[in-house]
Amino acid sequence: MALKTFVFVASLATSILAHTTIWGVWVNGVDQGDGRNLYIRSPPNNNPVKDLTSDAMACNVNNRVVPQSIPVEAGDELTFEWYHDERDDDIIASSHHGPIAVYIAPASSNGTGPVWVKIFEDAYTTSWAVDRLITSHGQHSVIVPDLPAGDYLFRAEIIALHEADVLYSQNNLRGAQFYMSCVQITVSSNGTDTPSGAAEFPGTYTDSTPGIVWNLYTDQDPAGYQPPGPIVWEDAIGGSIAQVGTIS
């Protein structure tokens with residue numbers, strides 16, 4: 001009991017200090033600069049979203065069109081760079097184990113409705129995806145699919161499970177923590193793989209969805225964790241959690 005109490009208190013302390021959001025992106029290893037409120041629909045702070053029924057599940061709070069969009073072509077490597085307080089810092093608390101996913105949707109949808117397609121997912125291999133994100137200086141990547149030309153939202157998402165032993169709807173001091181940001185991307189190459197949106201935020205993640213509740217502090221095998229949401233789109237090309245560029 002004492003150990004469980006200690007873990008609970010420690011998780012509360014780190015959750016206060018170790019939130020995260022996206023600083024910017026890289027394209028084929030080239031830093032695109034600070035994207036906050038320029039090409040990223042940045043939230044006003046790095047707090048998580050916990051209410052699965054909130055409109056903020058799409059692109060976080062303060063979802064709105066921002067002035068710029070990053071140009072890419074099919075086959076380009078698009079890298080998201082997360083941070084905590086300053087660029088290339090501790091990124092997120094090491095206690096915040098969990099999966100990482102990337103979804104895409106047409107920008108014209110503003111992220112509303114069943115428009116999201118998952119193009120990348122990483123949960124647990126020999127370690128949690130978030131653990132590897134920390135050692136990769138906050139960087140993880142996707143390969144841009146062979147999409148029709150146009151404007152898209154690329155939604156990168158971290159789910160922190162350190163308080164996911166109970167539902168937020170049952171105890172609003174706990175529950176899974178969702179960190180997401182939407183990046184405005186313009187695809188210039190004219191591909192033929194048209195994504196058919198299926199996921200909806202809010203809506204796809206519910207209290208009964210596998211992966212929303214998970215107790216990190218029991219003997220559950222983390223390799224058995226199932227991330228929430230649909231399977232990865234069959235025409236997605238892939239991605240990785242690895243550092244692609246050094247911050248000078």
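**Close-up views of a predicted single-chain model**

**View 1. The open sheet joins five strands.** Its strand order is β2-β1-β4-β7-β10, and the pairing is antiparallel. β2 (30-34) and β10 (239-240) stand at the edges with a single partner strand each, so one side of each has no neighbour in the sheet. Strands (E, at least two residues) and helices (H or I, at least four) are DSSP runs, numbered from the N terminus. Two strands pair if DSSP finds at least two bridges between them. This is a predicted model: local features need pLDDT of at least 70, side-chain atom pairs count only at pLDDT 80 or more, and totals for chains, interfaces and linings use all residues. Residues are numbered from 1 along each chain as its sequence is written, and side-chain values use heavy atoms, with hydrogens and water left out.

**View 2. β4 meets β7 in the open sheet.** Strand β4 covers residues 77-83 and strand β7 residues 139-143. Five bridges join them, and they run antiparallel. T79 stands opposite S141 in β7. In a regular strand, side chains alternate between the two faces of the sheet.

**View 3. β8 is largely enclosed.** Strand β8 spans residues 150-160. Nine of its 11 residues are buried, so the rest of the structure largely encloses it. Buried means under 20% relative accessible area, exposed over 50%, and partly exposed in between (1.4 Å probe, protein chains only).

**View 4. β8 pairs with β5 and with β9.** Seven bridges tie β8 to strand β5 (residues 100-106), running antiparallel. Here I100 stands opposite I158 in β8. Strand β9 (residues 177-187) pairs with β8 over 11 bridges, again antiparallel. Q177 in β9 is the bridge partner of A160.

**View 5. The whole chain gives the context.** The chain has three helices and 10 strands. From the N terminus, the elements run α-β-β-α-β-β-β-β-α-β-β-β-β. The C-alpha trace spans about 60 × 40 × 35 Å along its principal axes. Of the 248 residues, 50% count as buried. Residues 24 or more positions apart supply 78% of the contacts with a separation of 6 or more. Contact means heavy atoms within 4.5 Å.

View 6. The chain holds 10 positive and 28 negative charges, and their mean positions are 7 Å apart. Lys and Arg count as positive, Asp and Glu as negative; His and the chain ends are not counted. Each charge is placed at NZ of Lys, CZ of Arg, CG of Asp or CD of Glu.
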